[in-house]
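The sequence and structure are shown first.

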Amino acid sequence: MKMAWKEMKKNKLRYTILGSIVFLISLLTFIISGLANGLSQDNASLIKNLPDGTFYMEEEADETYSFSSLSEEQQQEITEAQPEAAFFSIQMRNFIDTSDKQRSVAYVAATNSSYYPQVNSGEVILDASLEEEGIAVGDEITNEQWDQPLTVAEFVNHEKFSHSAAAFINPDDFQALFHTDTMQIAFVADSVAQNSNEATAFEELQAFSNSEFLNTIPSYSAEQLSLNMIVIFLLVISGMLFAIFFYMINVQKLGIYGILKAIGVKTGKLFQMMWAQMFIISVISLILSALISQAFQLLAPGGMPFHLTWQATGRLSLVFIIIGFIGATLSGIQIKRVEPMQAIQQGEI
Amino acid sequence: MSLFTMKNVRKTFAHGEVKEEILKGIDVTLPEGKITALTGASGSGKSTLLTIAAGLQTASDGQISFEQQELTSMRSEELRQIRAKQFGFIFQFAHLVPFLTVEEQLALMLETAESSLSKQEQKKEIRQVLELVDMWKRKNAYPPSLSGGEKQRVAVARAIIHSPKVLFADEPTASLDSKRSQEVMRLIQRLSKERHITVLMVTHDMDMLDYVDHVIEMRDGKIIQEDSIH
Ligand SMILES: Nc1ncnc2c1ncn2[C@@H]1O[C@H](COP(=O)(O)OP(=O)(O)OP(=O)(O)O)[C@@H](O)[C@H]1O
Ligand SMILES: [Mg+2]
């Protein structure tokens, strides 16, 4: 460790360059992963805020929630097996606000639910993003097809679906407004499920885990896939970068390695030295980019979907370190190969 | 039994298809605690013999024994341990570690040799050896800032700091002027006497023979003459 540090101090430029590239790549990775996560919140926080559990839709709906309709009997059957089951429906639709502006929202109605706000008939509870856009408590919102307007009762944070604000309404209002007498989705949280080891199966219903259900949302999986691919590419690139940089650094040091081997220094110790250097560089760069990406999160404009937790940063950092370790080790194969004789015959260093 | 002996050592290098025998059956016994010089024309195989003796490359045939152990049949880890603990090396160029100070070079050697001395005793020993080679005042210098002679004196200090039983030196004075060469030779002579170190040293320079006890002359991979001087 001491030798590793001493060498880095003597070759500051070389290691600073490596460090800054790792810093830039990890910063980019953190920001993109923050964006991916932010977009996924923006797209589906309504679902992501739910605890782990099982979703049920009609098999016939072919994994499209809007085609699913659970009849009274089906709801009863589910409730008998899982008394804590919640039922809800989502409908993408417009409303006209007090200044005659059209806005697209996701109307959500839920029975009994402890997961979503209870709403009185004739009222609506909106996602806070609409408050920022000038809608206030007490405003009336309407729609050409409705006889009655709804009154805004309150705002809640982070409830979005399909990149639209959620608008919670009373289930009876929902059935009246959208001319339906069924619910689309049943949800049973693992924590309240009966014999929770395995999701209960129901005839003609298809069960989904949280992530499976998220992937049925149009655009969600495509969006996440492409962003996550970028993150994975960046991680792979950073691994290759470590490999290439340490390869170049090692090539320049082969003479020293040879001499150290000649006087009896263990090959393992030379590897440890390289790992220590890789570790020091990564930790410093990662701490810096973690701090900067968190600062970015604080300073980013409110409308920008960016969400990066410390846990996510920590997980990515760990992956960076593991990949850097692999990269450095691969390039270190030269250290294993170097023969003391080559170095001795090479002359002055 | 002697400390260090070589029997019928042969070395063949393959230049493409052509095989060339560089050492053609060498028998050597190093007089214990004495300095043996290896001389001979360029290309006669001196460096090859020295590095084979020191366990830095393998012989094609023959036996090398050190303290009743057969070096030629050792696993590389055992050989490394012997190199680290029992052998010292001085090469034609100092080959110091550029990012360690003079003092740290010696500390690294003690660590490599798994020295049983306490940290305190190690510090004392380093100081003693550096004073011996007259480099204590430059203990915090890095190799690039040292002159050729200074570097070589540090290399000598590194080679003996862990009290090796055998010291191998390949033209240790070749990169130095004659005054500096004499200094380094006197140093090696003194260390060999004081610490009872057996030395095998390659040299071209006939003036250096004043400091040695035993001379082996090689030609074309064979020993042609062997003399005890004192
Ligand atoms: N690794 C090697 N591969 C092929 N040939 C080699 C190798 N090492 C040495 N030789 C050859 O072996 C011969 C003896 O080399 P060696 O270095 O032992 O000579 P030397 O006596 O030390 O010469 P000098 O006084 O010039 O240092 C030379 O002809 C050299 O080309
Ligand atoms: Mg030579």
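Three salt bridges, by the rule applied, cross the interface of chain A and chain B in this predicted model. One of the salt bridges joins Glu104(B) to Lys6(A), with 2.8 Å between the closest N and O atoms. In general, side chains of opposite charge can pair when their charged atoms come close. Polar contacts between chain A and chain B amount to 6 residue pairs, both partners being at pLDDT 80 or more.

On the side of chain A that touches chain B, the elements giving two or more residues are helix H1 (2-10), helix H7 (220-262), helix H8 (267-299) and helix H11 (340-346) of chain A. The residues on this side of chain A comprise 13 nonpolar, 2 polar and 8 charged.

The extent of the interface can be stated in residues and in area. In residues, 23 of chain A are in contact with 27 of chain B. In area, about 2300 Å² is buried between chain A and chain B, and carbon and sulfur atoms give 68% of this. Lys6(A), Ile263(A) and Met341(A) together supply 25% of the area that chain A buries against chain B, more than any other three residues.

Within chain B, the UniProt record (an unreviewed entry) places the feature "domain: ABC transporter" at residues 4-229.

Which residues of chain B come nearest to ligand 1? Of the 13 residues around ligand 1, the nearest are Ser42(B), Gly43(B), Lys46(B), Ser47(B) and Thr48(B).

| Residue | Part of the residue | Distance to an oxygen atom of ligand 1 |
|---|---|---|
| Ser42(B) | polar side-chain atom | 2.5 Å |
| Gly45(B) | polar backbone atom | 3.0 Å |
| Ser47(B) | N or O atom in the side chain | 2.7 Å |

Over all chains, the salt-bridge count comes to 20. Among them is the pair of Asp42(A) and Lys160(A), whose closest N and O atoms are 2.7 Å apart. Asp42(A) belongs to helix H2 (residues 12-48) of chain A and Lys160(A) to strand E7 (residues 160-161) of chain A, so this pair ties together parts that are 118 residues apart in sequence.

Conventions
Residues are numbered from 1 along each chain as its sequence is written. Chains are lettered from A and ligands numbered from 1 in the order in which they are written. This is a predicted model: local features need pLDDT of at least 70, side-chain atom pairs count only at pLDDT 80 or more; totals for chains, interfaces and linings use all residues. Side-chain values use heavy atoms; hydrogens and water are left out. UniProt positions are given in the numbering used here, feature names are shortened, and annotations may be inferred rather than shown by experiment. Contact means heavy atoms within 4.5 Å. Buried area is the accessible area (1.4 Å probe) that two parts lose on being put together, summed over both. A salt bridge is a side-chain nitrogen of Lys or Arg within 4 Å of a carboxyl oxygen of Asp or Glu. A polar contact is a pair of N or O atoms within 3.5 Å; within protein, one must be able to donate a hydrogen and the other to accept it, and residues adjacent in sequence count only if both atoms are side-chain atoms. Helices (H or I, at least four residues) and strands (E, at least two) are DSSP runs, numbered from the N terminus. Ala, Val, Leu, Ile, Met, Phe, Trp, Tyr, Cys and Pro count as nonpolar, Asp, Glu, Lys and Arg as charged, and the others, Gly among them, as polar. A residue is near a molecule or strand if one of its heavy atoms lies within 4 Å of it.
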